[in-house]
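These are my notebook entries on a single protein chain. I set down what I looked up, entry by entry.

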Amino acid sequence: MKKQVNVWLCLFLFFLSISSFLQETEARKYSYGRAPITRLVSRSLYDRIFIHKENNACPAKGFYPYEAFVEATRWFPRFGSVGGMTTRRREVAAFLAQISHETTGGWATAPDGPYAWGLCFKEEVSPQSNYCDASNKEWPCFPGKSYKGRGPIQLSWNYNYGQAGRALGFDGLQNPESVANNSVLAFKTALWFWMTEQTPKPSCHDVMVNRYRPTKADIAANRTSGFGLTTNIINGGLECGIPGDGRVNDRVGYFQRYAKLFNVNTGPYLDCENQRPFS
């Protein structure tokens, strides 16, 4: 009888260890996705991409460390983990290109070129308004608060701060400035915007991993899938449908540089000059 008990005990411990292993594997899967971001973006590559982010000329010096970027991606396990390796690298390159334009400190004759100065700013310097859409009753503005651009994607407007806050667990309406005071949160808001569909706009993520399915309205507006469509999603109302727009060209320039660093091609439809903005 004692021997039989020992056998059952061994079997129980064996299955317990298997269960623990599976739980740990699942936890890793949740934290990192199928391809840990560190496999796609090493610290050395991050430093080569953002050559001058620690320059004294950059107001955001010290605000965008590699560790904060990696930590933020753990909240979005599908980022950089959908499709083959080329698709994954291209998506990450596109994301980094867009946040680089949004936070650029570069200029035409800048050292190492204009596309080596991403993540130079953490908030909009001279906002033209407090970005409060008073007509939006779902996400009401708080008195005295500015919903100007903050973080890598330059999150703007009360409705974006409100939705990001609800998704990420912070009070975006009452404390929007927290996005410029917390490095991990700043990256989270950028990734939230990238990964989240906001109808009629698809998510930038779905566009870059070939999951975007254009509606009849999209087809009529010539909103073709590619890096240019992510620009339309981010700031199409001001930049798209304009031949040779300098802001769009700057975004493309960053993407082309980063695609080379990731050893992938950019794919077609880099700009949005022939696309109508989303309504």
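**Entry 1: the chain as a whole.** I first looked up burial: 47% of the 279 residues in the protein chain are buried, where buried means under 20% relative accessible area, exposed over 50% and partly exposed in between, with a 1.4 Å probe and protein chains only. I note that this is a predicted model, in which local features need pLDDT of at least 70 and side-chain atom pairs count only at pLDDT 80 or more, while totals for chains, interfaces and linings use all residues. Residues are numbered from 1 along each chain as its sequence is written, and side-chain values use heavy atoms, with hydrogens and water left out.

I then looked up the secondary structure, which comes to eleven helices and zero strands; these are DSSP runs numbered from the N terminus, helices being H or I of at least four residues and strands E of at least two. Of the contacts with a separation of 6 or more, 68% are made by residues 24 or more positions apart, a contact being heavy atoms within 4.5 Å. The protein chain exposes about 14000 Å², of which carbon and sulfur atoms supply 55%; the areas come from the Shrake-Rupley method with a 1.4 Å probe, and for residues only the protein chains shown count as cover.

**Entry 2: helix 4.** Is helix 4 largely enclosed or largely open? I find that six of its eight residues are buried, so helix 4 is largely enclosed by the rest of the structure. The buried residues are Tyr66, Ala68, Phe69, Val70, Ala72 and Thr73. I followed Ala68, whose relative accessible area is 5%. Leaving aside neighbours within four places in sequence, Ala68 is in contact with Ser183, Val184 and Phe187.

**Entry 3: helix 11.** I looked up residues 246–261, which form helix 11; its 16 residues reach 23 Å from first C-alpha to last, close to the 22 Å expected at 1.5 Å a residue, the expected span being 1.5 Å times one less than the number of residues. Its buried residues include Asp250, Arg251, Tyr254, Arg257 and Tyr258. Among the elements covering the buried residues are helix 3 (43–49), helix 5 (85–102), helix 8 (204–208) and helix 10 (227–239). Just after helix 11, Asn263 takes a positive phi of about 60 degrees.

**Entry 4: aromatic rings.** I count 17 aromatic pairs, taking rings of Phe, Tyr and Trp (its six-membered ring) with centres within 6.5 Å, and calling planes under 30 degrees apart stacked, over 60 edge-to-face and the rest tilted. Phe79 and Phe95 are edge-to-face, at 5.1 Å centre to centre and 70 degrees between the planes. Phe79 lies in the loop between helix 4 (66–73) and helix 5, and Phe95 in helix 5, 16 residues apart. Both Phe79 and Phe95 are buried. Trp192 and Phe193 also form an edge-to-face pair, at 6.4 Å and 65 degrees, and both are buried. One aromatic cluster includes Tyr66 and Phe69, Phe63, Phe187, and Tyr254 and Tyr258.

**Entry 5: charges over rings.** The charged end of Lys122 sits over the ring of Phe63, 4.8 Å from its centre, the rule being NZ of Lys or CZ of Arg within 6 Å of the ring centre and within 35 degrees of the ring normal. The charged end of Arg223 sits over the ring of Phe278 at 4.1 Å from its centre.
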